[in-house]
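Hi,

Here is the model I said I would pass on.

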Amino acid sequence: MILLLNLLMLSKIKAIEKPIVYIVDNDHKLLCSLSKKLVQHGVIVEVFSSAEEFLNTKLRSRAACLIIEVNLPNMGGIELLEHINNLGVRLPTFILSSSSDISKAVRAMQAEAIDFIEKPFIENTLIEKVLGVIKKL
Amino acid sequence: MQNNKTKHVSSSPVVHVVDDDEAVLDSVGMLLDSIGLKNTCYKDAQGFLDSYSGTEFDKKNGCILLDIRMPFMSGIECQYRLEQMGCRMPIIFVTGHGDVPTAVEAMKNGAAEFIQKPFREQLLIDAIQKALQVNIEDQKRLEKINQTLEKLASLTNRESQILKAIVSGKANKVIAIELHLSQRTIEIHRAHVMDKMQVKSLAELVKVVIDASTIH
């Protein structure tokens, strides 16, 4: 009985410790494939199709990482990152971009993004980078 | 505006311009002269590094404009070498051949800005002013940290042991038990620590110690 309880507690703790990756992108195909692969690596994935949707969500307080697309409807990806920074929240963030725009890359890096990745990219490379960041949290 | 200018002259930061294109050196030099900023031009990265390692070179006050694509040594390589040499001056990249991966790499390595040629003059001036401001703040911060480190060095072994315990949030009573001393002794040591660190409150003490441990 006690053993069972212990096991239960352990699994609960494990569930709490599972890191989260938030992805904000309006490309559903990418959201699907990326989150499928990330889930296989034992992380929880939450997806959002716009900056507003992300901002309206209560973030869970645990190890987390953020992936944002630059070109979002309404509020852009970099504005979102800058907004989050202004709120005093520090999330390690990867920026994805479907257009190769140097000034946007520079702005993203000035907003302390970890990396700025041009689409199309190799998914496994991104996933490795994300896992690397999560491990360090 | 006048006031601003005199401030610049008194601390006299220097903008170092490194570009293999002499036309660019000329025009940027003239632009900087026109707003009263001291500047020196270098035709290649090695030349700049050589004079940087010279003794009379002011290694602190100023910023660096770097071209990316140059013969012999690239701007990125030069940035790396400067970092190895402990250079803390902000670097602004100015390039006609930029691509996203290069820009991202340069920014990851701590560049302040990455500007594409051709650029608007005002854009460059704004970037330089901002970099110089950052540089001044960085110097102030560094100076403060050095002062704190000096003060920390002036503590006796026992005092720094107690400082560590205080900063990690332990109460006098707990420290006394751990170090097999009386609470009164800890109180005296603690007062000495506060004196030597020139702080008035525990919060202030914790802040200066944390600030000093985050040299970036």
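Asp115(A) and Lys108(B) meet through their side chains in a salt bridge, 3.1 Å from N to O; the term stands for a side-chain nitrogen of Lys or Arg within 4 Å of a carboxyl oxygen of Asp or Glu. Asp115(A) belongs to strand E5 (residues 115-118) of chain A and Lys108(B) to helix H5 (residues 100-108) of chain B, so this pair joins two chains. Helices (H or I, at least four residues) and strands (E, at least two) are DSSP runs, numbered from the N terminus. Asp115(A) is buried at 5% relative accessibility, while Lys108(B), at 45%, is partly exposed. Buried here means under 20% relative accessible area, exposed means over 50%, and partly exposed is what lies in between (1.4 Å probe, protein chains only).

Before going on, a word on the ground rules. This is a predicted model, where local features need pLDDT of at least 70 and side-chain atom pairs count only at pLDDT 80 or more, while totals for chains, interfaces and linings use all residues. Residues are numbered from 1 along each chain as its sequence is written, chains are lettered from A and ligands numbered from 1 in the order in which they are written, and side-chain values use heavy atoms, with hydrogens and water left out.

Back to the salt bridges: over all chains, the structure holds 17. One of them pairs Glu82(A) with Arg107(A), with the closest N and O atoms 3.1 Å apart. That pair links distant parts of the chain, since Glu82(A) sits in helix H4 and Arg107(A) in helix H5 of chain A, 25 residues apart. Glu82(A) is partly exposed with a relative accessible area of 28%, and Arg107(A) is partly exposed too, with 32%.

In chain B, Glu159(B) forms a salt bridge with Lys196(B), and here the closest N and O atoms are 2.9 Å apart. Again distant parts of the chain are linked: Glu159(B) is in helix H7 (residues 157-167) and Lys196(B) in helix H9 (residues 183-196) of chain B, 37 residues apart. Glu159(B) is buried, with a relative accessible area of 4%, whereas Lys196(B) is partly exposed at 29%. There is also a network of salt bridges in chain A, linking Asp25(A), Glu69(A) and Lys119(A).

**Chain A as a whole**

Chain A has 6 helices and 5 strands, and from the N terminus on its elements run α-β-α-β-α-β-α-β-α-β-α. Of its 137 residues, 43% are buried. Taking contacts (heavy atoms within 4.5 Å) between residues at least 6 apart in sequence, 63% join residues at least 24 apart. The accessible surface of chain A comes to about 7800 Å², and 59% of that belongs to carbon and sulfur atoms; the areas come from the Shrake-Rupley method with a 1.4 Å probe, and for residues only the protein chains shown count as cover.

Which residues of H4 (residues 77-86) of chain A are buried? They are Gly77(A), Ile78(A), Leu80(A), Leu81(A), Ile84(A) and Asn85(A). Seen down the axis of H4(A), these fall within an arc of 155 degrees, so they line one face of the helix; the arc is that of the directions from the helix axis to the C-beta atoms. Their cover includes strand E1 (20-24), H3, E3, strand E4 (93-97) and helix H5 (102-110) of chain A. After H4(A) comes Gly88(A), with a positive phi near 85 degrees.

Leu55(A), Leu59(A), Leu87(A) and Val89(A) make a nonpolar surface patch of about 290 Å². Patches are made of residues with over 30% relative accessible area and no salt bridge, like charges being joined within 9 Å and nonpolar side chains (Val, Leu, Ile, Met, Phe, Trp, Tyr) within 5 Å. Leu59(A) is placed in the loop between helix H3 (51-55) and strand E3 (64-69) of chain A, and counts as partly exposed at 31% relative accessibility.

**Chain B**

Chain B is divided into domain 1 (14-139) and domain 2 (154-213), with bounds from an automatic or database domain assignment. Taken over C-alpha atoms, the centres of domain 1 and domain 2 of chain B are separated by 44 Å.

Gly98(B) lies in the loop between strand E4 (91-95) and H5 of chain B and is partly exposed, at 26%. Leaving out residues up to four places away in sequence, Gly98(B) touches Ile102(A) and Phe114(B).

Cheers
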